[in-house]
Amino acid sequence: NDILVDLKGVAKHYGEGETRVDALRSIDVIGSRLPADLGKSSGEALSLDTAMGDDRFRFTVTDFIPSVQSRKGLHIEAFTPRLALSGPIRKGTAWFYDAGQGEYDLSIVQELPSGADEAPSWRWNNLAKTQVNVNASNQLTTTFLVNRFRSPNNGLDALDPLETTTNLTQTAWFAAIKDQMSLPGGSLLELGFAFDQFGSNDLPRGSLPYVIRPEGTSGNYFETSNSTARRFEAIANLSLAGFDWHGHHELRFGVDADRVTYDQNLARGAILIYREDGTLDRQATFSGPPVYDRNNVETSAYAEDGWAPRSGLFVDAGLRFDWDEILRRPLIAPRLAASYMLTSDGKTKL
């Protein structure tokens with residue numbers, strides 16, 4: 001699988017990177033407690049398996065005709081073109097796949113004056129992949145995903161005029177390389193490295209105080225924010241060939257090391273709150289350091305055994321070790337799950 005996202009992790013805070021739905025071959029959701037190889041979280045995991053090219057050149061083009069609106073004149077309302085290309089780099093050996101998507105949306109606020117009533121937004125993403133069969137037992141894949149979003153008049157509505165809006169930009173990058181090697185005897189070794197970055201910038205239009213009145217807001221938005229989260233991760237997994245001993249066993253081992261960095265810069269101005277009669281009711285100010293950063297190094301290792309002692313019965317036992325420089329103490333997590341087919345047709349399982 002190309003991307004494994006811990007739904008309780010940093011992606012939840014920033015918004016997950018997007019891949020156009022045409023590029024997905026399958027989506028698997030693990031909703032119960034995760035096995036030892038899928039991480040230390042006890043929450044859910046989402047696995048996205050994306051497409052790859054073959055020995056034929058292919059392309060698809062979708063939605064290249066925009067929709068229009070007639071509010072306060074004739075305008076483009078939405079435009080979501082999509083394009084995908086795939087094919088061989090070298091037939092029988094190397095292939096590529098590239099899928100891109102753009103989106104333009106325009107919101108027009110009827111109550112605001114012309115020239116200060118439009119809130120456009122742009123979004124685009126692109127997924128690029130390659131696969132190279134180095135030899136009959138070695139497969140190398142690369143993945144690069146980029147997402148970009150921009151909303152220059154973010155927050156515009158009837159009660160929040162143009163001067164109170166912000167220029168919002170968000171970017172997400174994901175890059176990975178993975179090498180799968182079949183070893184003598186039927187074992188499989190997997191090595192991989194990945195990098196992802198989530199960034200967000202939200203800039204007001206000036207430094208005037210932010211004023212809240214019963215009839216709406218004025219001035220400039222009170223908060224300027226800039227935050228970036230990065231993750232570098234390396235993995236190694238070894239799946240041994242299955243063997244029989246009191247049933248059938250499939251052993252799997254792995255190690256994981258990553259570095260996470262988080263930087264945030266927040267500058268907050270004053271908020272003035274006025275009563276209906278125009279007198280000042282409250283003033284809010286902020287203190288504390290505007291800059292925050294936090295880094296972490298995490299290491300993990302696991303062992304897992306898929307054991308089928310008899311027909312219809314399967315036991316998955318695992319042990320996971322985690323350590324990070326924030327807690328600075330080892331965490332040991334045993335995992336055990338079992339399933340049993342109650343009927344021979346496989347339709348009833350416990």
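# Exercises on a predicted model

P290 lies in the loop between strands β19 (280-284) and β20; helices (H or I, at least four residues) and strands (E, at least two) are DSSP runs, numbered from the N terminus. The model is predicted: local features need pLDDT of at least 70, side-chain atom pairs count only at pLDDT 80 or more, and totals for chains, interfaces and linings use all residues. Residues are numbered from 1 along each chain as its sequence is written, and side-chain values use heavy atoms, with hydrogens and water left out.

**Exercise 1.** Classify the accessibility of P290 and list its contacts.

Solution. Step 1: buried means under 20% relative accessible area, exposed over 50%, and partly exposed in between (1.4 Å probe, protein chains only). Step 2: P290 has a relative accessible area of 42%, so P290 is partly exposed. Step 3: contact means heavy atoms within 4.5 Å. Leaving aside neighbours within four places in sequence, P290 is in contact with Q264, N265 and L266. Step 4: Y104 is 186 residues from P290 along the chain, and their C-alpha atoms are separated by 33 Å.

**Exercise 2.** Describe the setting of S300 and its side-chain polar contacts.

Solution. Step 1: S300 is found in strand β20, residues 291-310. Step 2: S300 counts as buried because its relative accessibility is 9%. Step 3: a polar contact is a pair of N or O atoms within 3.5 Å; within protein, one must be able to donate a hydrogen and the other to accept it, and residues adjacent in sequence count only if both atoms are side-chain atoms. Step 4: the S300 side chain makes such contacts with the side chain of R320 at 3.2 Å and with that of D322 at 2.5 Å. Step 5: not counting residues up to four places away in sequence, S300 also touches other residues, among them G254, V255, D256 and F321.
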